[in-house]
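Walk through this structure from the inside out. Keep the sequence beside you as you read.

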Amino acid sequence: MLYLSQQIANALPLAALYALLAFGYAIAFAVTKRADLTYGALFAFSGQMYVLFVDVGWNRLWLVLPAALGFGIVAALAYSALAAAVIGRGIMARFAFSAPNTVIVAGLGCLIVLMETARLASDTRSLWLPPFLNQTMALWHVGGIAVTLTAIQLVNVAVMIGLIALGTLVLARTRAGRVWRAVADDARAAEFCGVDANSVFLVAYLAAAMIAAVAGLMATSYYGTMDFGAGLIFSLKVVMIASIGGVSDPLRSALGAALLGLTETVWSSFAPIVWRDLFLFSLLVVIVVMTRREKVVP
């Protein structure tokens, strides 16, 4: 019972990460109905820029650790926002409402460019953050033994849940959220009512990209690094994870993704880890096929 309780606690950071990623992805996908691989690439790119600039601040500028971390966060968010603006306005806005396969091909090209940019900037080195906020904190006790998480894990969970709650509130209670929902339901009808669907897409894409960037920062702070190939893996995972809860509803997508994060942790704890990704991707394919609804994409 103690082991199971600890594994459930360990699942909280991963479940929160998947939930935040799925929430952001659904915001952009609901507008275009097109699968976009650049979302996971921006997640990984943000983490890689974060590690790179922390290394620059620590080893070249001789900053103390809090200042180096802050320097890395600011630089990563700035580069991620710049990349998202260029990709969103210059590439995706041109193809967002065209053939679905066009967006997939363009997204794959952007993913490769971002991955190679990060790799070349770091000279193909695997950079690591120094450990911080790694003090263990007790959540509850089982049989007199504490179930614990580290401070960085708890901070990640709190920030990610807070962002999902804030995003849900904005979508439900503000004019921007109503306009987004109108375009998501029927872009052409919204345009007849005076809404600029292209502008809504750009805002939604940038919002989703910044959510991915923040998730990349939080994940990198927890794991200590971000791999060059993580962009493709997370792109595929996020595209399929969001489908569990329904890609047209960000909150449902987040809840479905959190469920998958719990499943992944439980599998890693009780089953051979070498089969984990095969099992999860197979499970996602089955769920997507079983819950698929035929709908003509304009």
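**Inside the fold**

The lining of the largest cavity is made up, by class, of twelve nonpolar, two polar and two charged residues. Keep in mind that this is a predicted model. The lining has 16 residues. Those that lie nearest the centre of the cavity are Ala28, Thr32, Asp36, Phe201 and Tyr205. Which elements give two or more residues to this lining? They are α1, α2 (38-59) and α8 (197-223). The space inside the largest cavity comes to about 130 Å³. In total, three cavities of 30 Å³ or more are counted. Rolling a probe the size of a water molecule over the atoms shows where empty space is left.

Now turn to the packed side chains. In soluble globular proteins, nonpolar side chains tend to be buried together. Here the largest nonpolar core has 81 residues. Helix α1, which spans residues 2-32, gives the most to this core, with 15 residues. The residues with the most contacts inside the core are Leu17, Leu21, Tyr39, Phe43, Tyr50 and Val183. Take Leu17 as an example. Apart from residues up to four places away in sequence, what does Leu17 touch? Its partners are Phe43, Met160, Ala215, Ala219 and Phe234.

Ala190 sits in helix α7 (residues 187-192). Is Ala190 buried or exposed? Its relative accessible area is 5%, so Ala190 counts as buried. Beyond its neighbours within four places in sequence, Ala190 is in contact with Ala182, Val183 and Val195. Trp180 is ten residues from Ala190 along the chain, and the C-alpha atoms of the two are separated by 9.5 Å.

Next come the charged pairs. How many salt bridges does the structure hold? There are two. One joins Arg119 to Glu116, and their closest N and O atoms are 2.6 Å apart. Both residues belong to helix α4 (residues 100-121). They are three residues apart, about one turn of the helix. Arg119 is partly exposed, because its relative accessibility is 25%. Glu116 is also partly exposed, at 33%.

In the other bridge, Asp185 meets Arg181, at 3.8 Å from N to O. This pair lies in helix α6 (residues 175-185). Arg181, at 31%, is partly exposed.

Finish with the backbone. Most residues other than glycine have a negative phi, and most peptide bonds are trans. Trp62 has a positive phi of about 55 degrees, although it is not a glycine. Where does Trp62 lie? Look in the loop between α2 and α3 (65-95). Trp62 counts as exposed, because its relative accessibility is 72%. Leu133 has a positive phi too, near 50 degrees, and it is a residue other than glycine. Its place is the loop between α4 and β1 (136-142). Leu133 is partly exposed, with a relative accessible area of 37%.

Note on methods. Residues are numbered from 1 along each chain as its sequence is written. This is a predicted model: local features need pLDDT of at least 70, side-chain atom pairs count only at pLDDT 80 or more; totals for chains, interfaces and linings use all residues. Side-chain values use heavy atoms; hydrogens and water are left out. A nonpolar core is a set of buried Ala, Val, Leu, Ile, Met, Phe, Trp, Tyr and Cys residues joined through side-chain atoms within 4.5 Å. Buried means under 20% relative accessible area, exposed over 50%, partly exposed in between (1.4 Å probe, protein chains only). Helices (H or I, at least four residues) and strands (E, at least two) are DSSP runs, numbered from the N terminus. Contact means heavy atoms within 4.5 Å. On a 1 Å grid over the protein atoms alone, a cavity is a set of points where a 1.4 Å probe fits but cannot get out, and a pocket is an open set with protein on both sides within 12 Å along at least five of seven lines; lining residues have an atom within 4 Å of a point. Grid points are joined across faces, edges and corners, and a volume is the space filled by probe spheres set on the points. Ala, Val, Leu, Ile, Met, Phe, Trp, Tyr, Cys and Pro count as nonpolar, Asp, Glu, Lys and Arg as charged, and the others, Gly among them, as polar. A salt bridge is a side-chain nitrogen of Lys or Arg within 4 Å of a carboxyl oxygen of Asp or Glu.
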